[in-house]
Amino acid sequence: MTTIPVTYPLVLGAALFGLGLYGALTQRNAIRILMCVELMLNAVNINLVAFAATLRDAAAAGQIFALFIMTVAAAEVALALAIILILARREKHIDIERVHLLRW
Amino acid sequence: MDVTRIVFLALAAVAVVSAYRVVTAPKIMHAALWLGFTFFLVAGVFLTLGAEFLAAAQVLVYVGAVTTIILFGIMLSQAAEVRSRDPLPSELLEGMAFWRRGVLPVVATVAFVAIMVMVYLRASWPAPTGGVADTVRLIGSALFTTYVIPFELAAVLLLIALVGAIVLAIRDDDKEEQGS
């Protein structure tokens, strides 16, 4: 059974979320931005699991929320990659600075 | 300092390093592999927190499916399109981009992490209680009783995503054949 203080995984989650946030804000490659978003979702899952473990969650709500986040993330990555690959075929690049399709 | 805590700290340290490599690795392929490694380490973190089912789901869904999809996506497209060059530091910090891509992300990230860590350290948390013994059984029964409607909705969501991805891919092929 876990004896880890709750702050340890919370700080780990904040660090991973910060790295994902920094990457999503600075990178221009659409696939890398997608990877950073996945990293942020995973950091949130760490937080939820940490709270579930610490609060002796008899309804398992924290873990089930994390499970649903995983489901949404899987659906999201499949659709996002389909869109990115179409973009790569049409525009011959996936640099989001140079994509104006949805802007006007 | 018991064994669980040491294992957790080791996993966390390596996870932060590999997550850093996801952002900074020069080649997109390497970044994807580092991402898979990070997911694997997070599965280990779940294990140390007593969430066995989520650790297994993490390995299956993230390491098995998400990383594989991203790797396939990179490899199946023309190399030059997807592996578009990431900005060099000099062109990153040029003109307006200096604020938008150089300063603002650093400020936002540092502020966010600092605020969150400060909140975590100052809050008074309950002492670690050691979780519930049989989480797999608990999740299974809760998923099919309390959370049965979200569960079914998640199934519908996955179906919609599957159909949507196929439709996107097929339509693009047709148009490209007509155009060429």
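How much area do chain B and chain A bury between them, and what percentage of it is on carbon and sulfur atoms? Chain B and chain A bury about 7400 Å² between them, 72% of it on carbon and sulfur atoms. Buried area here is the accessible area (1.4 Å probe) that two parts lose on being put together, summed over both.

Before reading on, note that this is a predicted model, in which local features need pLDDT of at least 70, side-chain atom pairs count only at pLDDT 80 or more, and totals for chains, interfaces and linings use all residues. Residues are numbered from 1 along each chain as its sequence is written, chains are lettered from A and ligands numbered from 1 in the order in which they are written, and side-chain values use heavy atoms, leaving out hydrogens and water.

**Where the chains meet**

The contact (heavy atoms within 4.5 Å) involves 89 residues from chain B and 78 residues from chain A. Zero salt bridges are counted between chain B and chain A; such a bridge would be a side-chain nitrogen of Lys or Arg within 4 Å of a carboxyl oxygen of Asp or Glu.

**How confident is the model?**

The table gives the pLDDT (the predictor's confidence in each residue, from 0 to 100) for each chain.

| Chain | Mean pLDDT | Residues at 70 or more |
|---|---|---|
| Chain B | pLDDT 83 | 79% of residues |
| Chain A | pLDDT 86 | 95% of residues |

Within chain B, the mean is lowest in α5(B), at 55, and highest in α2(B), at 93. Helices are DSSP runs (H or I, at least four residues), numbered from the N terminus. Where pLDDT is low, the predicted coordinates should not be read in detail.

**A helix in chain A**

Helix α3 of chain A covers residues 61-91 and reaches 44 Å from its first C-alpha to its last, close to the expected 45 Å. That expected span is 1.5 Å times one less than the number of residues. Just after α3(A), A:Lys92 takes a positive phi of about 65 degrees.

Technical notes
Helix = DSSP H or I, 4+ residues; strand = E, 2+ residues; numbered from the N terminus.
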